[in-house]
Amino acid sequence: MTDQYAVIGNPIVQSKSPLIHTAFAQVTGQDLEYTKLLAPVDGFAAAVDAFRKAGGKGMNVTAPFKLDAFAYATELSEGAKLAGAVNAMKFEGDRVLAQNFDGVGLVRDVVHNLGCPLAGKRVLVLGAGGATRGALLPFLAEKPAELVIANRTVGKATELAAIGAAHGNVLGCSYEALAGQVFDAVFNATSASLRAEMPPVPASVFGPNCLAYELAYGKGLTPFLQAAKAAGVTRLADGVGMLAEQAAEAFAWWRGVRPDTRAVIEQLTVPLV
Ligand code: ATR
């Protein structure tokens, strides 16, 4: 029987996961079907129970259910524990194994696809919400010289820095405190782009040969990327590679084979203009 997987969310029409995993299954010769599952906002557990009962093998989880999935899981990976959120589940009998691959997907995109090693570099992350929390340990595992987290609500940035302190050199601060600092890579992990807004970052943060990375995907030249471009940055990226890489991590975890992501990234890329 063809193995069943799904992505669960609300809304879910926008999800590219079925397209991505179907492409991965084709190139790796895996016999699986991957669908979209719309669940009522208060109906996560019931929807997952039904999917498992029907023989479902695993799921991706998107908004607003990443915390529900965290609560639903019976075994959380270290990454999921630290992120406080789950984006992939694997069902084995009564066991619900849970992971969060968003951060590792981001780092893999940066280091492997974009050819931008973070070791020894000064790295700035804007925002201290769920996206930054998920990326914290994967970033620090690359051993940057310093990881700076800047946030509007400074307390959230310093809280994340305190969590990361055991794993590397990390500091939380305000946007004002960035004046006079220069970085090799700047990541916009705020949700500001979703409203076409821009965190108040001084143009001077973008160093020579800097990478400017917008975690949001498919929005073209966002205000953040525009500001980076205006500051002279030529290495601009959005989250399309992160999306493909987190999917590849989940696929490898479920199926034991890691698909190449290049074709999917090419297919989903929206030009940064
Ligand atoms: P996510 O899970 O996508 O990270 P979140 O947890 O709601 O979403 O976090 C959103 C992040 O974007 C926060 O860091 C938020 O800053 P605050 O913690 O100060 O609220 C940041 N953010 C959202 N809109 C912003 C804006 N217009 N300017 C600067 N930061 C913004």
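**Exercise 1. How many helices and strands does the secondary structure of the protein chain come to?**

Solution. The count is 10 helices and 12 strands. Both are DSSP runs numbered from the N terminus: helices are H or I with at least four residues, strands are E with at least two.

The model is predicted: local features need pLDDT of at least 70, side-chain atom pairs count only at pLDDT 80 or more, and totals for chains, interfaces and linings use all residues. Residues are numbered from 1 along each chain as its sequence is written, and side-chain values use heavy atoms, with hydrogens and water left out.

**Exercise 2. Compare the radius of gyration of the protein chain with the globule rule.**

Solution. Take the radius over C-alpha atoms; the rule is 2.2 Å times the number of residues to the power 0.38. For 273 residues, a compact globule would come near 19 Å. The protein chain has 19 Å, so the two agree.

**Exercise 3. Work out the order of the open sheet formed by 6 strands.**

Solution. Strands pair if DSSP finds at least two bridges between them. The order is 2-1-3-5-6-4, with mixed pairing. Strand 2 (32-38) and strand 4 (75-76) are the edges, each pairing on one side only. Now inspect one pair. Strand 5 (residues 88-92) runs antiparallel to strand 6 (residues 95-99), over 5 bridges. Phe 91 has Val 96 in strand 6 as its bridge partner.

**Exercise 4. Trace the chain from strand 11 to strand 12.**

Solution. Start with the pairing. Strand 11 (residues 206-214) and strand 12 (residues 235-238) are parallel and joined by 4 bridges. Leu 211 is bridged to Arg 235 in strand 12.

**Exercise 5. Describe the surroundings of the ligand.**

Solution. First, the shell: 15 residues surround the ligand, each with a heavy atom within 4 Å of it. Asn 151, Thr 153, Lys 156, Arg 195 and Glu 197 are the closest. By class, the shell has 4 nonpolar, 7 polar and 4 charged residues.

Next, N or O pairs within 3.5 Å (polar contacts). A polar side-chain atom of Glu 197 lies 2.6 Å from a ligand nitrogen. A side-chain N or O atom of Arg 152 is 2.9 Å from a ligand oxygen. Ser 191 places a backbone N or O atom 3.0 Å from an oxygen of the ligand.

Last, burial: the ligand alone exposes 650 Å², and the protein buries 73% of that (Shrake-Rupley method, 1.4 Å probe).

Notes
A polar contact is a pair of N or O atoms within 3.5 Å; within protein, one must be able to donate a hydrogen and the other to accept it, and residues adjacent in sequence count only if both atoms are side-chain atoms. Ala, Val, Leu, Ile, Met, Phe, Trp, Tyr, Cys and Pro count as nonpolar, Asp, Glu, Lys and Arg as charged, and the others, Gly among them, as polar. A crossover is right-handed if, with the strands pointing away from the viewer, the path from the first strand over the helix to the second runs clockwise.
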